[in-house]
Amino acid sequence: MEALVVKFEPPVRSCVPSLLELCEDRPHAGALHHGRNHNLDAETFDFVHADLVTCQSGDLALLRGLLTQLQITGELVIPVSKFDDALRALALLRIRLHTARLVGQAYPGQSERHLFVFWFDLLANLQNIICSAILG
Amino acid sequence: MHQSAPTATLEPVTQTQPPWCVIVLDDPISVMSYVVVAFMRVLGMKQPDAERHMLEVHEKGKSVVFSGEREPAEAYVQALLAWKLNARLQQAT
């Protein structure tokens, strides 16, 4: 296997821009601005802080590339050589998705909440697929 | 009377510092299989060991994944943070 190919239906593609917003190359999610008053418990706060400290632009660039590709072609093509990078990038995106929900920056309504759950689970499934390919 | 200067004998003092530990804490985001792969990649663990530590994090809230000198411990923490895991450096008491 040279690459993992995952195909997505059109409704998924139409939601990609909301994820791309979370991949901007700057300190993200007002977690640090809003601090612990916004439903962030201490451990989650530290965890999000770790995202901000260790966020690497390479991860973000890969994320933007993957999501843009998904938006255009409806497919994610992840080369085997990029598995580790893709795993880290997907983890970063899940952190940001989680943070955005916690601080109410995104997906405040009921239908949007479903969208959050959908993406949060979908990204986890992608990670599981990649890990299965690695672990055998 | 000549009195020779007192000589001090220096005894080598060996201070054994407690080892530094790398602790990984549970988090609400990381997928279990992902944590296993991260432990294998960063810490060079075999899959069964990585799975055991992952389960310890999941069930007990944390796991000590390395114990030793400070310098490698710091490097491991940075590497685990780059994998978006909730890793901490702590000196054993």
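## A walk through chains A and B

Chain B has a secondary structure of 3 helices and 3 strands. Helices here are DSSP runs of H or I with at least four residues, strands are runs of E with at least two, and both are numbered from the N terminus. Followed along the sequence, chain B shows the pattern β-α-α-β-α-β.

Please keep in mind that this is a predicted model, in which local features need pLDDT of at least 70 and side-chain atom pairs count only at pLDDT 80 or more, while totals for chains, interfaces and linings use all residues. Residues are numbered from 1 along each chain as its sequence is written, chains are lettered from A and ligands numbered from 1 in the order in which they are written, and side-chain values use heavy atoms, with hydrogens and water left out.

### Chain B

Chain B has 93 residues, and 39% of them count as buried. Buried means under 20% relative accessible area, exposed means over 50%, and partly exposed lies in between (1.4 Å probe, protein chains only). Among the contacts in chain B with a separation of 6 or more, 67% come from residues 24 or more positions apart; a contact means heavy atoms within 4.5 Å.

Let us look at two of the helices. The axes of α1(B), residues 32–43, and α3(B), residues 70–82, come within 10 Å and cross at roughly 140°. Such axes are lines fitted to C-alpha atoms, for helices over the stretch in contact, and angles run from 0 to 180 degrees between N-to-C directions. Which residues make the contact? On the α1(B) side they are Phe39(B), Val42(B) and Leu43(B), and on the α3(B) side Tyr76(B), Ala79(B) and Leu80(B). These residues divide into 6 nonpolar, no polar and no charged. In this scheme Ala, Val, Leu, Ile, Met, Phe, Trp, Tyr, Cys and Pro are nonpolar, Asp, Glu, Lys and Arg are charged, and the others, Gly among them, are polar.

Ala38(B) also sits in helix α1 of chain B. Neighbours within four places in sequence aside, Ala38(B) is in contact with Leu43(B), Trp83(B) and Leu85(B). In helix α2 of chain B, residues 47–60, you will find His53(B). Leaving out neighbours within four places in sequence, His53(B) is in contact with Phe39(B), Met45(B), Ser63(B), Val64(B) and Val65(B).

### Chain A

Leu19(A) belongs to helix α2 of chain A, residues 16–20. Not counting residues up to four places away in sequence, Leu19(A) touches Leu67(A), Leu93(A), Leu97(A) and Trp119(A). Leu19(A) and Trp119(A) are 100 residues apart along the chain, yet their C-alpha atoms are separated by 8.7 Å.

Arg88(A) lies in helix α6 of chain A, residues 83–102. The side chains of Arg88(A) and Asp85(A) are joined by a polar contact of 2.6 Å. A polar contact is a pair of N or O atoms within 3.5 Å; within protein, one must be able to donate a hydrogen and the other to accept it, and residues adjacent in sequence count only if both atoms are side-chain atoms. Residues up to four places away in sequence aside, Arg88(A) touches Asp59(A) and, in the other chain, Tyr34(B), Ala82(B), Trp83(B) and Lys84(B).

### Some buried residues

| Residue | Relative accessible area |
|---|---|
| Leu19(A) | 0% |
| Arg88(A) | 14% |
| Ala38(B) | 0% |
| His53(B) | 10% |
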